[in-house]
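Thanks for asking me to look through this one with you.

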Amino acid sequence: QVQLEESGGGLVQAGGSLRLSCAASGRILRSNTMGWYRQAPGRQREFVAGVTSGGTTNYADSVKGRFTISRDNTKNTVYLQMNSLKPEDTAVYYCAFAPIGTRLSAPPYWGQGTQVTVSS
């Protein structure tokens, strides 16, 4: 089992920045992928960004150039630096963890979610 603990959400004005963190604990093998999804009210959960344990990243088109995902393998922690935030970025952001043999597109482990609200 893997537990995920998120932090860093909050309220920010449009154009501002926030950084989310997600620390994984439990049975963690070296090879895995971590990432972030988000879900706005009335909408489906959508992929935001992912990073492998080797450092390969990918992003949703809607956040490219504004968000940066990174990780510290020594701390089993993933970060999401969000810059130039827009009101449409408002959502609950969920951390996701995919061990070797699984995919971040269907992660078996989720965090509890952290609210990000961007005011106009």
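**Notes on the predicted model**

1. E1 and E3 run antiparallel and are joined by six bridges. Within that pairing, Glu 6 stands opposite Cys 22 of E3, a cysteine that comes back in point 3.

2. The pair belongs to an open sheet of four strands, ordered E1-E3-E8-E7, with antiparallel pairing. At its edges stand E1 (2-7) and E7 (67-72), and each has a single partner strand, so one side of each lacks a neighbour in the sheet. Ignoring direction, neighbouring strands here are turned by 15 degrees against each other on average.

3. How many disulfides does the structure hold? There is one, formed by Cys 22 and Cys 95 with their sulfur atoms 2.0 Å apart. Cys 22 sits in strand E3 (residues 18-26) and Cys 95 in strand E9, so the bond ties together parts that are 73 residues apart in sequence. The torsion about the S-S bond is about -85 degrees, which makes the disulfide left-handed.

4. With strand E2 (residues 10-13) the strand E11 runs parallel, over four bridges, and Gly 10 stands opposite Val 116 in E11. With strand E9 (residues 91-99) the pairing is antiparallel, over three bridges; there, Val 92 has Gln 115 of E11 as its bridge partner.

5. Thr 114, Val 116 and Val 118 make up the covered face, while Gln 115, Thr 117 and Ser 119 lie on the uncovered one.

6. Two backbone torsions are worth checking by eye. In general, most residues other than glycine have a negative phi. Asn 76 is not a glycine, yet has a positive phi of about 50 degrees; this residue is found in the loop between E7 and strand E8 (77-82) and is partly exposed, at 26% relative accessibility. Ser 84 likewise has a positive phi, near 50 degrees. Ser 84 lies in the loop between E8 and E9 and is partly exposed, with a relative accessible area of 41%.

7. Finally, the overall picture. The protein has 11 strands and zero helices. Its radius of gyration is 13 Å, close to the 14 Å that the globule rule gives for 120 residues, so the protein is as compact as a globular protein of that length. The C-alpha trace spans about 40 × 25 × 25 Å along its principal axes.

8. A few totals to go with that. Buried residues make up 42% of the 120 residues. Of the contacts with a separation of 6 or more, 54% come from residues 24 or more positions apart. The protein exposes about 6400 Å², of which carbon and sulfur atoms supply 45%.

How values were computed: Residues numbered from 1 in each chain as written. Predicted model: local features only at pLDDT ≥ 70, side-chain atom pairs only at ≥ 80, totals over all residues. Heavy atoms only, no water. Buried < 20%, exposed > 50% of the residue type's maximum accessible area, 1.4 Å probe, protein only. Helix = DSSP H or I, 4+ residues; strand = E, 2+ residues; numbered from the N terminus. Pairing = 2+ DSSP bridges. Disulfide = S-S within 2.5 Å. Rg over C-alpha atoms; globule rule 2.2 N^0.38 Å. Contact = heavy atoms within 4.5 Å. Areas by Shrake-Rupley, 256 points an atom, 1.4 Å probe, with all protein chains shown as cover. Axes fitted to C-alpha atoms, helices over the stretch in contact; angles between N-to-C directions.
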